[in-house]
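This briefing walks through a few local features of a single protein chain. Keep the structure open while reading, and find each named part before moving on.

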Amino acid sequence: MTDQRTPAQSADAPAEDAPDQRAPEFRPYHHPAAGWGAAKSVSRFLLREREFVDGPRAVQRMNHEGEGFDCPGCAWPDDLKGLRLDICENGIKHVSWEMTHHRVGPEFFAAHTVTELSSWSDEQLERQGRLTHPMSYAPDTDTYVPISWKDAFALVGRTLRELDSPHRATYYTSGRLGNEATFLYQLMARELGTNNLPDCSNMCHEASGRALQAALGTGKGTADLKDWEVADALFILGVNAASNAPRMLTSLAEAHKRGAKIVHINPLVEAAATRTIIPHDFVDMALFRSTPTSSLNIQPRIGGDMALLRGMAKAVLAEAETDPKALDREFIDRYTTGFDAYRALVEATPWEEIERQSGVARADIAKAARVYCEADRSIFSWCLGITQHEHGVDTVREIVNLLLLRGNLGREGAGPSPVRGHSNVQGNRTCGIDHRPPPEFLDRLAKACAIEPPREHGLDTVRSIEAMHRGEVTVFVGMGGNFALAAPDTAYTAEALRRCELTVQVSTKLNRSHLVHGRRALILPCLGRTEKDLQKAGKQATSVEDSMSMVHLSLGMKRPASPHLLSEPAVIAGMARAALPDSDTPWEWYVEDYDRIRDTMARALEGFEDFNRRVRLPLGFRIKQPARELVFRTASGRAEFSAAGLPDVVPADGVLKLGTMRSHDQWNTTIYSADDRYRGIKNLRTLIFMNAQDMRDRGLALFDEVDITSTARDGSTRSVHRYKAVPYDIPRGCAAGYMPELNVLCAIGDHSTQSDQPLMKNVDVTVRPSGTGDRTAG
C-alpha cells in the first residue's frame with residue numbers, strides 16, 4: 001500500500017503566509033452563476049492581491065483584437081461581436097495572479113532550502129510571486145543559486161549532446177505556449193532526433209482527438225461560435241462550464257433567450273446548468289435578473305455517458321419507425337459507412353442494460369432523445385468528464401454516431417464541439433506537439449525546415465513518466481505548467497523526476513515541480529502572456545488557437561516582472577543553439593522577429609498558408625476543417641459509424657467511482673483559495689463529495705473524517721487520510737474530489753488502453769471513517 005500525504009496536509013510556511021485556518025463550511029449554492037457573486041469575488045481577489053491599477057487595466061485589454069492579449073486561462077473563443085468586456089471571473093484572477101507585484105529572486109532562494117520549501121502548501125508556493133532570475137540547483141546547500149542564461153543554456157546543451165540516444169530526453173508542454181514557441185520547441189526536439197513530445201492533451205483530450213480522427217478524419221471539433229449562435233439544441237456533457245469555460249455562460253444564456261433547448265449531462269448538476277447573470281449585461285445585473293441555462297439536466301453515473309448516448313440513439317431509431325424524418329437517410333447513405341452494423345448493435349442492446357450502465361431511467365433518456373429529434377440543428381459539446389475514462393474514445397465516437405444519425409455535420413448550427421481547458425492546448429497540437437506525428441506533417445516539416453525528422457512514435461505523458469522511473473529517460477524539459485502535480489500517481493511521478501540527470505522547468509511562478517527535481521535542475525523564468533515582448537525588430541505578438549480553431553494574435557501590455565526574463569521563443573532558441581551548435585536552423589534570427597517564424601510555419605503547417613497576413617485580420621482566421629465541408633480523411637473516405645459494445649461501469653459492492661475535478665477558485669494546479677463557491681464550500685480542499693445514502697451506509701455525517709483508498713488494476717493500493725465527507729447531489733456509487741490533491745489515487749498503470757489517458761475521472765475507491773482501515777504505509 002502507498003500511504004500519501006497531500007501538500008495541503010504538509011507543514012506550514014512562515015506564519016505570515018499561513019493559510020486560513022477557519023473551520024470548513026458547507027452551504028449548498030442556489031444563486032445564479034457569474035453575476036454579483038463573480039463581481040464580488042473578483043473585487044476581493046484584486047484587493048487581496050493589491051492589483052488596484054493593473055487588474056482593471058488588464059480587464060480592458062484582455063481578449064481584444066489589435067492591442068489586446070489573449071486570456072491565459074481557458075480556450076473559449078473570443079466574442080464575434082467585438083465585446084469590450086469578453087472576460088470572466090477566473091480569467092481576471094488568472095491574469096492578476098500573473099501580474100502580482102511579489103517576486104521570487106535569488107534572495108528568496110538563498111533564504112529557503114528546497115527541503116524547507118517542500119513542506120509548504122502549493123498555494124503558499126505560488127503566492128510568493130514571479131520568478132526573476134535563471135536558477136540552478138546546488139546540492140551542497142540544497143538551494144537554488146543564480147546562473148547566467150549563457151551558462152544555463154550551456155548546461156542544457158552539453159547534457160543533451162552527451163546522451164547516448166536522443167530518446168533519453170523528453171520535452172513536455174502544458175498548453176501555455178504560443179504557436180510560435182510551440183513550433184520552435186517541436187522543431188528543436190525533432191532536429192535532436194526524437195518525437196518524445198508529451199503534453200497536457202495526453203491527460204485531457206487525447207481521447208477526443210483519436211475518436212474524431214477515426215470517425216471524421218480530423219482531430220478537432222467542427223462547430224464554431226457562429227454555429228453555437230444558431231443551434232436549436234445544445235447538449236453539454238461532462239463540463240463544469242461555470243468554472244472551466246465561464247464565457248460559455250454567455251452562449252448558453254443567449255441560446256435560451258432565442259428558444260434553443262439546452263441539455264446538461266453530468267453526474268453533478270453544476271452551476272452552469274441552472275441559471276446565470278452575465279456580468280457585462282448591465283441591465284440584468286442592475287435588476288438581479290437571471291437567465292436559465294438549461295432545459296433538462298440528466299445525471300448519469302460516472303462513466304455512464306456512453307450507455308446514455310446509446311439509449312438516445314435507440315430512441316431515435318425507434319422514432320424513425322413511425323417518422324422517417326427522425327433519421328437523415330440521405331446524409332447517411334451519401335456520407336457515412338457502417339450504419340447497418342451500428343443500427344443492429346443498438347437494436348440488440350436491451351433497455352435494461354442501458355439503464356443499468358447509465359444509471360438513468362429510460363423515461364429520462366427519452367426526454368433527451370425527444371429534444372434531439374425535435375431540433376433541426378444540434379451541437380454536442382463535452383470535456384474531461386467524457387474523456388478521462390478507459391472507454392473515452394468509444395464514448396466520443398458514440399457522440400459522433402448520434403450526430404450522424406440526423407445529419408448534424410457539415411451544416412450551420414451543428415456538429416461536435418469539444419471544450420479545451422487551456423488557452424492554447426489545441427494550438428500546441430496543431431503546431432507539432434504530437435508524439436505520434438502523421439507522415440504528412442513530417443514531410444512538410446522536413447521540406448520547410450531542411451531537417452530529417454524522426455519517424456518513429458515518441459513517448460506521451462504516461463510513457464515518459466514510466467521511462468523516467470526506469471532510468472531510460474534522464475532529461476526532462478517542461479515548458480510551463482506544474483508537471484509534478486498535474487500528472488497521475490504523484491509519488492511515482494515525483495520519484496521518476498528525481499531519477500533524472502537533469503530537469504528543466506520554464507516557468508513564471510514558483511511551484512511544486514521546482515522542488516521535485518533531478519540530480520541537476522534549472523528554473524528558467526519566462527515572460528507571461530500579459531507582458532511586453534521586445535525583440536530586435538520591436539514589440540512582438542504571438543498567436544494562439546482557441547477550442548474552435550480560430551487563430552489570432554496576443555500582444556502583452558505590461559512591463560516584464562524582471563529585466564532578466566526571456567520570452568519562450570528566446571528560451572527555446574537558446575537551448576536549441578546550445579544543443580545543436582552546428583545546426584543550420586536560424587534560431588537567433590527567428591527570435592529577432594516572430595514574423596520569420598510564422599513565415600516558416602506557413603510552409604510547414606497545413607492551413608497556415610499566408611499566416612502573417614491572415615492572423616492580422618479582425619479576429620484572426622479559422623483553420624480549415626475538411627470534415628466541416630463533408631470531406632472525410634478516413635480510410636473509407638466517409639464518416640464512419642462505430643460499433644463498440646457497452647462497457648461495464650457499475651462499481652462493485654462497497655466501491656465508489658471517484659472523479660477528480662477543479663474547485664471554482666482554482667485554475668489547473670493553481671489554487672487561489674480553499675473555497676469553492678458554486679459547490680457551497682469554504683475553507684476546505686481535502687474533501688470527498690458523496691451521495692447522502694452512500695454516506696449513511698458508512699455511518700458518515702457532514703465533515704466526518706474518512707480515509708480514501710484506491711485499488712489499481714495491478715492490485716496495488718493508494719490512500720489519503722482524514723479527508724472530510726460532504727453530502728452532495730451525485731448518483732449513488734459515485735464520488736468526487738479535487739485535483740491535484742487526489743491525483744495520488746490514480747495509479748500510473750491505470751490509463752486508457754484506447755488513448756493512454758490517466759483515468760482521473762474513474763478511480764475505484766473505498767471510503768471508511770478515519771482510523772478504521774489499514775494505515776500501513778507502503
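The model is a predicted one.

**Helix 8 and helix 22**

- Helix 8 spans residues 179–192 and helix 22 spans residues 439–449; their axes come within 12 Å and cross at roughly 90°.
- Angles from 65 to 115 degrees count as roughly perpendicular, and the two helices are therefore roughly perpendicular to each other.
- On the helix 8 side, the contact is made by F183, Q186, L187 and R190.
- On the helix 22 side, F441, L442, L445 and C449 take part.
- By type, the residues of this contact are six nonpolar, one polar and one charged.

**Nonpolar cores**

- The largest nonpolar core has 61 residues.
- Which of its members touch the most other members? They are L160, Y171, F183, Y185, M188, L524 and M575.
- Leaving out residues up to four places away in sequence, Y185 touches Y171, Y172, T173, L177, I433, V477, G478, M479 and I572.
- There is also a second, separate core of 54 residues, with A211, V371, I386 and L402 among them.
- In soluble globular proteins, nonpolar side chains tend to be buried together.

- Three strands form an open sheet in the order 22-23-24, with antiparallel pairing.
- Strand 22 (542–545) and strand 24 (621–622) are the edge strands, and each of them pairs on one side only.
- Strand 23 covers residues 550–554 and is joined to strand 24 by two bridges.
- M550 has R622 of strand 24 as its bridge partner.
- Helix 8 packs on this sheet and touches strand 22 and strand 23.
- The direction of helix 8 makes about 90° with that of strand 22.

**Strand 33**

- Strand 33 covers residues 734–738; five of its five residues are buried, so the strand is largely enclosed by the rest of the structure.
- Which residues lie on each face of strand 33? C734, A736 and Y738 are on one side, A735 and G737 are on the other, and all are buried.
- In a regular strand the side chains alternate between the two faces of the sheet.
- Strand 26 (residues 656–661) pairs with strand 33 in the parallel sense over five bridges, and the partner of K657 in strand 33 is C734.
- Strand 30 (residues 687–690) pairs with strand 33 in the antiparallel sense over two bridges, and the partner of F689 in strand 33 is A736.

- Helix 9 (residues 206–216) is mostly covered, with nine of its eleven residues buried.
- The buried residues of helix 9 are E206, A207, S208, G209, R210, A211, L212, A215 and L216.
- Their cover includes strand 15 (378–382), helix 19, helix 20 (392–405), strand 16 (415–416), helix 21 (425–430) and strand 25 (639–640).
- Just after helix 9, G217 takes a positive phi of about 80°.
- T387 lies in helix 19, which spans residues 384–387.
- Is T387 buried or exposed? Its relative accessibility is 0%, so T387 counts as buried.
- Not counting residues up to four places away in sequence, T387 touches C204, H205, A207, S208, W382, G392, V396 and Q757.
- Of these contacts of T387, A207 and S208 are also buried residues of helix 9.

Methods
Residues are numbered from 1 along each chain as its sequence is written. This is a predicted model: local features need pLDDT of at least 70, side-chain atom pairs count only at pLDDT 80 or more; totals for chains, interfaces and linings use all residues. Side-chain values use heavy atoms; hydrogens and water are left out. Axes are lines fitted to C-alpha atoms, for helices over the stretch in contact, and angles run from 0 to 180 degrees between N-to-C directions. Helices (H or I, at least four residues) and strands (E, at least two) are DSSP runs, numbered from the N terminus. Angles under 35 degrees count as roughly parallel, over 145 as roughly antiparallel, 65 to 115 as roughly perpendicular and the rest as oblique. Contact means heavy atoms within 4.5 Å. Ala, Val, Leu, Ile, Met, Phe, Trp, Tyr, Cys and Pro count as nonpolar, Asp, Glu, Lys and Arg as charged, and the others, Gly among them, as polar. Buried means under 20% relative accessible area, exposed over 50%, partly exposed in between (1.4 Å probe, protein chains only). A nonpolar core is a set of buried Ala, Val, Leu, Ile, Met, Phe, Trp, Tyr and Cys residues joined through side-chain atoms within 4.5 Å. Two strands pair if DSSP finds at least two bridges between them.
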